[in-house]
Amino acid sequence: MGLITGLLTLPLAPVRGTVWLAERIQEQAEAELYDEDVIRAQLMEIDAAREAGEIEEEEATQAEDQLLERLIAAREMGADRTHGGIHEQ
Amino acid sequence: MTAVYVYGVVPAAEKVDVEAPGVEASKEGVRRIAHGELAALVSDVEAGPMVAARGLRAHWRVLEEAVATATVLPVRFGTVMESEDAVVDQFLAPRHDRLVALLAELSGKVQLSVKAFYDEERLMRGVVDESVAVARLRERVRQRPKAATYYDRIQLGELVAGEVEHARERDGAMVVDRLEPLAVAARLEPLGTPDAAVSAAFLVERSRVDEFSEAVARLSDEIKGEMRVRYIGPLPPYSFTEEQEAVGAWA
Amino acid sequence: MAVATAGGGGGYAARPSPSGLADVIDIILDKGLVIDAYVRVSLIGIEILTIDARIVIASVDTYLRFAEAVNRLDLTEADQSQGLPELMESMTSGGAKSKTKGALEGAKEKLGIGDDDEDDQEKEKSRSSSRRRSSSSSRSRSRKSDDE
């Protein structure tokens, strides 16, 4: 659903070519994966679930590890992202 | 080939005994390298790449443990030095006096973080109620097919973002005004997520933490319809470790 | 989400909560004394090492996000955030979907990426991206590093 189906129904897609399309999908996917705000929110989710006893420690740690790696990678990529919305206080 | 990982700096006189293993398993665990009135908290590591996520947790555990009883200046995550001598020659010695002064200022104090997050629905409701421009543009957007409203939606979002920003400024000021009187110093920190309202760091005397906590509890209660509060600590004084003249850093 | 509410009343002092990693990740990474030493934090993720794109998210994304949030008011949200098991799954499989519970949705789906073909084309025009080689282990650096 969502991203891929949407793009594939683009009437102009064949004109642009599949390589262009693949790149757009890749970019969007990457952008989302490396969106620091999203990663931070997900980390908070895990903490909350852990505190509430909703998930096992091992699951939580694994998911956290992935997110941390991505967060660090995102910072390294130096992406110019708004921080928590708009301004830094 | 071993190197030395540095966690933070404590006064040489403070007996800090950290049980946490450190970023890598090592014979001696976390130990101190003393120089003058300072002691660096370190542990041995293999020279080479480190697993970021694991290292992060271990790094934090060391500091968390240290701050329970000691005044500690935290060092940036991932700092590795060649040898013990390097820790002294390239860090403790050249910066000795400034770090001693900083530790003196921070002595007996801890950092407490107060963060607040908006209830999205309440926030958006408030924005629509308070801004005619937002209400109008929202109506316009709703009445037209989505495909036709891309730029309208951007403008709408921009307006909403502006209102949210005002709310954040107002709420940030409110939180600081309420709690700063019970603290030695206060700082507003960058927000990390779109639903964040406030992120404030307070430097508080250890002896006044309970009093401060009570004030946070009262504040939480008052704003609980609009925001939820996350209150954590004690933390090493990250937000008050300025690398500048220690005197008057937060006068 | 985590609610460390201080439950006031009756002279009971609520203590600060112990910090979760999410609470302190920013200060751990952003703050602390900087020593001009070799900083070596390299990453184990395989997929990460192959990505060397610098992606600039235009501020329009944030604005669209806010527009969506204000439009969501008064509508029944059929598509509330994923339950935690799904969330875990999508993360551990490295899926592109990322949703978060409650609060302002950051997920791009909410912006109707899938539905808004026009949005994608518009965004493509306004987004700039450039490729750059980045090494995974690095010398000491400040948080916002300029091109070297």
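Helices here are DSSP runs of H or I with at least four residues, and strands are runs of E with at least two. With that settled, a word on what we are looking at: this is a predicted model.

I'll start with chain C. On that count, chain C has five helices and three strands. Along the sequence they come in the order α-β-α-β-α-α-α-β. Chain C has 148 residues, and 39% of them are buried. If you take the contacts in chain C between residues at least 6 apart in sequence, 64% link residues at least 24 apart.

Now chain B. Where they meet, six residues of domain 1 of chain B contact seven residues of domain 2 of chain B. On the domain 1 side of chain B, the touching residues are five nonpolar and one polar, with no charged residues.

Next, strand 6 of chain B, residues 109–118. How many of its residues are buried? The count is 10 of 10. In a regular strand, side chains alternate between the two faces of the sheet. In strand 6 of chain B both faces are covered, with K109(B), Q111(B), S113(B), K115(B) and F117(B) on one side and V110(B), L112(B), V114(B), A116(B) and Y118(B) on the other.

As for its partners, strand 6 of chain B runs antiparallel to strand 8, residues 196–205 of chain B, with nine bridges between them. In that pairing, L112(B) sits opposite F202(B). Strand 6 of chain B is also antiparallel to strand 9, residues 227–235 of chain B, through seven bridges. There, Y118(B) is opposite M227(B).

Technical notes
Residues are numbered from 1 along each chain as its sequence is written. Chains are lettered from A and ligands numbered from 1 in the order in which they are written. This is a predicted model: local features need pLDDT of at least 70, side-chain atom pairs count only at pLDDT 80 or more; totals for chains, interfaces and linings use all residues. Two residues are in contact if their C-beta atoms, placed from the backbone, lie within 7 Å. Ala, Val, Leu, Ile, Met, Phe, Trp, Tyr, Cys and Pro count as nonpolar, Asp, Glu, Lys and Arg as charged, and the others, Gly among them, as polar. A residue is buried if 20 or more other C-beta atoms lie within 10 Å of its own, exposed if 12 or fewer, and partly exposed in between; C-beta atoms are placed from the backbone. Two strands pair if DSSP finds at least two bridges between them.
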